[in-house]
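Please walk through this fold strand by strand. Have the coordinates open as you read.

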Amino acid sequence: LVDNAKALFGNNDDLEIYHDGSHSYIDNTGTGNLYIKDAGIVRIRTASFGVDNADGSEALLSATANGAVELYHDNSKKFETTSAGTKHGDAVKGA
């Protein structure tokens with residue numbers, strides 16, 4: 001398919017897979033959840049990984065290869081891993 005053309009699935013075309021020329025998308029536009037199911041481990045291979053809220057305006061989780069894993073509450077970082085262990089607020093634990 002060319003850029004911006006969508007592969008549509010479902011009676012109401014509520015699952016879309018497409019590329020807009022810059023980014024690739026899997027959009028579940030209908031009701032219900034999107035499930036990825038595997039009998040083993042689901043692995044995502046990437047240099048970094050982020051989870052945002054539905055409209056992309058708030059970070060929920062961020063993970064970077066050879067770097068930190070960060071957890072957010074209300075778009076504010078509350079917990080992260082560091083080379084020394086973990087950091088919550090200003091306290092570093094581990095080492």
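Glu80 sits in strand E7, residues 76-82. Helices (H or I, at least four residues) and strands (E, at least two) are DSSP runs, numbered from the N terminus. This is a predicted model, in which local features need pLDDT of at least 70 and side-chain atom pairs count only at pLDDT 80 or more, while totals for chains, interfaces and linings use all residues. Residues are numbered from 1 along each chain as its sequence is written, and side-chain values use heavy atoms, with hydrogens and water left out.

Is Glu80 buried or exposed? Glu80 counts as buried because its relative accessible area is 14%. The classes are buried under 20%, exposed over 50% and partly exposed in between (1.4 Å probe, protein chains only). The Glu80 side chain makes a polar contact with the side chain of Lys77, at 3.4 Å. Such a contact is a pair of N or O atoms within 3.5 Å; within protein, one must be able to donate a hydrogen and the other to accept it, and residues adjacent in sequence count only if both atoms are side-chain atoms. Leaving aside residues up to four places away in sequence, Glu80 touches Ala68, Val69, Glu70, Gly85, Thr86 and Lys87. Contact here means heavy atoms within 4.5 Å.

E1 (residues 6-9) and E2 run antiparallel, joined by four bridges. Two strands pair if DSSP finds at least two bridges between them. Ala7 stands opposite Ile17 in E2. Five residues separate E1 and E2 in their hairpin, and Gly10 in the turn has a positive phi of about 95°.

E2 also runs antiparallel to E3, with five bridges. Tyr18 faces Tyr25 in E3 across this pairing. Four residues lie between the strands of this hairpin, where Gly21 takes a positive phi near 100°. His23 is in the loop between E2 and E3. At 46% relative accessible area, His23 is partly exposed.

In a regular strand, side chains alternate between the two faces of the sheet. E2 (residues 15-19) has Glu16 and Tyr18 on its covered face, and Leu15, Ile17 and His19 on the uncovered one.

Last, the loop between E3 (24-28) and E4 (48-52) holds Ile36. Ile36 counts as exposed because its relative accessibility is 68%.
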